[in-house]
Amino acid sequence: MGGAIAGLFMISAARAAKAAVQTVLVSTSAPKGYDPTQHKWLMCVDDNKCIGCGLCAEACKKENGVPEGPYFRTWIERYIIPKPKPGSGQTRGEAIVDSPNGGIPNGGVSAFPEPTLPKDQIEHAFFVPKLCNLCENPPCVQVCPVGATFRAPDGAVLVDPKYCIGCAFCVQACPYGARFLNPVTKTAEKCTLCYHRITRNLKPACVEICPAEARIFGDLNNLHTDDPIQKFYEKNRVQVLKPHLGTEPRVLYAGLDKEVR
Amino acid sequence: MNEVTNIVVEALPQVQGYVYPNEAGLHPVWSTLIVIYPYITGLVAGAFIMASLVRVFNVKALAPVYRLSMLTALAFLLCATLPLLCHLGHPERCYEIMMTPHMTSPMAIFGFVYAWYLMAVLLLELWFDFRQDFVKWSKTTPGFQGLIYRVLTLGVTDLSEKSVRLDMKMEWILSIVGIPSAFLLHGYVGFIFGSIKANPWWGNVLMPIMFILSAIVSGIALCVFNYIVLTWIRRKTVDMRCLDTMAMFLFYALLVDAVVETLDVLHRGFAAEEGFAVLQTMIREKLFYTLNIGQVLVGTLLPLLMLGLLQLLRRRVPEAARRTMIFCSGAMIMFGVLMMRWNVVMGGQFFSKSFRGVMSYKMEFAGQEGWLISVAILCLPPIILTVLVKLFLSESEHLKPSEHLPETGANS
């Protein structure tokens, strides 16, 4: 009994020590002096504006050194909604979705091939940028056995690569397919909102490069009168992905179609 | 160059429909190692429940397999975390699960449930059960083996009536604590999958219950298998009363398991929630052989039929045929439960969380996620069990015929 109590004390002491070390040395790539409690980051996507150029996905890979292959922190999906077959009684055909190489252009040529359907059979076609949904209730954080993935006070969901054990539980738990195991570091990886940039008053790479201004990024705690986020809110009715899961995403979409999951 | 491209294309998983780009990786992130992890843990829980039938529920007909069941549980429990460990990207950081656990994570809590079960339940109960024997054997066995027994007495060599009574009381208490612990152990494994709401194949409140029931079934089947094999190796006669009682419990456990799993399927079909279409594809195409043939037909229906027939016509079936039927049922159930683990773990990764596409993959042979390492880990518990049986289950003392009729179902 005494041994068990002593063991419990040792474990709690070790936990306390580790937690103290973590708060000081946690790998977030933020500069010294950055106070995450003073910010509340928000990402909005005006889906009506996305032209599917894929520059955001390309910039993300370069900026963050994401490995080649099927590993993406952000990507673009294309949805083609065919017209319904005559007499089918349906409002639309079955959606055709693709995202070849995450939508990253191949040497200036669009990643998306010509649609196989003739144009007169297509009812709608549109692109949807995807990324980590920055959930208020992130399932990935909930399941991490060691707490290597965590939600910073500023809303960013981050992974400490020095602490992650690579069990991939978070990859399974993310409903949005936003996580992957880095084949080089063998740890979980995801969109960090370019934490190394936003903590230095820069925009995330994908927002910076978007030519259509489809991605809007801002700080809810430091809004100014003509802030794009403010305008986005005033102009649009917004939606989130998979709301029924109760994850409460902080990536808000305007102009989403019901086919988008 | 073309050849290289072909190899790469062949190695990439085949994708039908649309899957999120991150899901189109080289293989599912949880592979065969995670299939055998719940399988081994389930065998532990099942074997322990089987032993509890003797200790707590006083089913005396099963007394000959009590110690064998306990040693089986120990041998498999010692290997239960190996698949998880081998699967980790950074196994050298595994101690973090215990040292700085994240308390909302089912995987972190499993570490504690495992430690509790191994240290506080199984090892203690075994020690109390074997202590008197350790004392006797340490006096009669010479050499290194005698030294092992002497060490295992932990210096407690008192064989007075009072101390023996205390041993038995402690065993009884530990067995009672052990039953909910065994349920917790495997229920938690089920919860690891059942808690993932992003995946409709996994996220299900019935998942822990199905895992517990299938664990009990596979554990009893393993004990049947081990008992018959051990008596055959030792050229002893099988105690048919014991075997028939095991078959009876196996039949009822399998029946309850089958009913609950059918209930799960019916509920899914009735609710037909988001993603139901892709789940139908899984049952009809991707998991057709492992689910319909492996799990349902070979692992459930045929054993139910054979064991059910034995319950009805036991007296008319000759002993040798009964033995063969029970042995085959046990082996088929163990195979079926392995298929069930495969269907749960792999099935949950064969479709995209966009519910728009399915994936398939070629199982690797070598490498971290290859099946070779899984087979090697599956071979370890039987090897450990052989050593344990050699050390602690002497031929003359144990596996002897039961002296009493079972109190439960004595006339069945």
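**Note on the predicted two-chain model**

1. In strand 9 of chain A, A:F217 is the bridge partner of A:M43. The model is a predicted one. Strand 9 of chain A pairs with strand 1 (residues 41–46) of chain A in the antiparallel sense, and five bridges join them.

2. Helix 7 (residues 228–235) of chain A packs on this sheet, where it touches strand 1, strand 9 and strand 11 (251–254) of chain A. The direction of helix 7 makes about 115° with that of strand 9 of chain A.

3. The sheet itself is open and has four strands of chain A, in the order 9-1-11-10, with mixed pairing. Strand 9 (215–219) and strand 10 (238–239) of chain A each have a single partner strand, so these two stand at the edges and one side of each lacks a neighbour in the sheet.

4. For chain A as a whole, the count is seven helices and eleven strands. Chain A has 261 residues, of which 42% count as buried. Among contacts in chain A with a separation of 6 or more, 64% are between residues 24 or more positions apart.

5. How many residues does each chain bring to the contact between the chains? Chain A gives 38 residues and chain B gives 33 residues. On the side of chain A that touches chain B, at least two residues come from each of helix 1 (2–25), strand 3 (96–98), helix 3 (139–143), helix 4 (169–173) and strand 7 (180–181) of chain A. Sorted by class, that side of chain A holds 24 nonpolar, eight polar and six charged residues.

6. The largest nonpolar core has 180 residues, and the members that touch the most others are B:V44, B:I220, B:M246 and B:L250. Helix 2 (residues 32–55) of chain B gives the most to this core, namely 17 residues.

7. Which residues are in contact with B:M246, leaving aside its neighbours within four places in sequence? They are B:L62, B:V65, B:I220, B:C223 and B:V224. One of these, B:I220, is also listed with B:M246 among the core residues that touch the most other members.

8. Helix 3 (residues 66–79) of chain B has 14 residues, and from its first C-alpha to its last it reaches 21 Å. That is close to the 20 Å expected at 1.5 Å a residue. Helix 3 of chain B is also mostly covered, with 13 of its 14 residues buried.

Key: Residues numbered from 1 in each chain as written. Chains lettered and ligands numbered in written order. Predicted model: local features only at pLDDT ≥ 70, side-chain atom pairs only at ≥ 80, totals over all residues. Buried ≥ 20, exposed ≤ 12 C-beta atoms within 10 Å, placed from the backbone. Contact = placed C-beta atoms within 7 Å. Pairing = 2+ DSSP bridges. Axes fitted to C-alpha atoms, helices over the stretch in contact; angles between N-to-C directions. Core = buried A, V, L, I, M, F, W, Y, C linked by C-beta atoms within 7 Å. Nonpolar A, V, L, I, M, F, W, Y, C, P; charged D, E, K, R; others polar. Expected span 1.5 Å × (residues − 1).
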